[in-house]
Amino acid sequence: MDVRLTYYGHACFSLSCNAVTLIADPFFTGNTWRKAAAEDISCHYIFVSHGHHDHYGDADSIGGRNDALLIASAEVAAKGAAAGLRTHAMHLGGKSDFPFGSLRLVPAFHGAGVPGGHAAGALITFFGKTVYFAGDTALYSDMKLLNRFGDIDCALLPIGDNFTMGPEDALLAADWVKANVTIPIHYGTWPVIEQDPQAFVEALTTQYGRRGLVVEPGGTLLLP
């Protein structure tokens, strides 16, 4: 089955297959990439990595209009539930099955963006493809263990620096994760996180012998 990944800039992307769509960190209003508007998004599931405005984003309006299920940590899910969304609360280390496959919540070393809680990343198995979405995170050594849960088809890693890993740390993370392809994200939205994603991809090949791919904001690819 073909799984399509669409990248909207910053940390927002969607996975689609068999007329089912999951959107992650749905930041459209205020996203300077301006590749879509919240009112144009149709989805069945929303994953939010943490509560900062540039990640929780338009979850309330998109979730309410689509009757989508919000999947997030307990604290972020409570924020969505207070806005009237259907929610599935999880926490770090937990895995849950869904009609599309499964989602395992993994650590991200970053602020939670809501009182209490913790930022998160996710291993999302979507119609047979496994995607590691790192969320906003620092480099941490347990990234070496993520592929013990199974082969990772695609990793989305932040490279922007200042708030997250920069390119140097993200290169090391990519080598540890060992995904079939690594896509750089969370760059260029504002000057403070300006980076060259093509330089990152080239360095990943030359320094570590691993495949990277730049997906331009607004672009779509079939997962390998």
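**Charged pairs and their surroundings**

Arg-86 is partly exposed, with a relative accessible area of 40%; buried means under 20% relative accessible area, exposed over 50%, and partly exposed in between (1.4 Å probe, protein chains only). This is a predicted model, in which local features need pLDDT of at least 70 and side-chain atom pairs count only at pLDDT 80 or more, while totals for chains, interfaces and linings use all residues. Residues are numbered from 1 along each chain as its sequence is written, and side-chain values use heavy atoms, with hydrogens and water left out.

Salt bridges

- The count comes to three salt bridges, each being a side-chain nitrogen of Lys or Arg within 4 Å of a carboxyl oxygen of Asp or Glu.
- Arg-86 pairs with Asp-67 in one of them, at 3.1 Å from N to O.
- This pair links distant parts of the chain, 19 residues apart: Arg-86 lies in strand E6, and Asp-67 in the loop between helix H2 (59-66) and E5. Helices (H or I, at least four residues) and strands (E, at least two) are DSSP runs, numbered from the N terminus.
- Asp-67 is partly exposed, at 48% relative accessibility.
- Asp-97 and Lys-95 also meet through their side chains in a salt bridge (3.1 Å, N to O).
- Asp-97 counts as exposed at 57% relative accessibility, whereas Lys-95 is partly exposed with a relative accessible area of 45%.
- Asp-175 forms a salt bridge with Arg-210, and the closest N and O atoms are 3.1 Å apart.
- That pair also links distant parts of the chain: Asp-175 is in helix H4 and Arg-210 is in the loop between H5 and strand E13 (220-222), 35 residues apart.
- Arg-210 is partly exposed, with a relative accessible area of 23%.

Helix H4

Strands E5 and E6

- Strand E5 (residues 69-73) and strand E6 (residues 86-90) run parallel and are joined by five bridges; two strands pair if DSSP finds at least two bridges between them.
- The chain goes from E5 to E6 through helix H3 (residues 74-82), in a right-handed β-α-β crossover. Right-handed means that, with the strands pointing away from the viewer, the path from the first strand over the helix to the second runs clockwise.
- Ala-72 stands opposite Ala-89 in E6.

Cysteines

- A search of the whole structure finds zero disulfides, a disulfide being a pair of cysteine sulfur atoms within 2.5 Å.
- For Cys-43, the nearest cysteine sulfur is that of Cys-12, 9.7 Å away. Cys-43 is buried, with a relative accessible area of 4%.
- For Cys-154, the nearest cysteine sulfur is again that of Cys-12, 15 Å away. Cys-154 is buried, at 0% relative accessibility.

Annotated domain

- An unreviewed UniProt entry carries the annotation "domain: Metallo-beta-lactamase" over residues 9-186; such annotations may be inferred rather than shown by experiment.
- Over residues 9-186 the chain is 18% helix and 31% strand, and the end C-alpha atoms are 7 Å apart.
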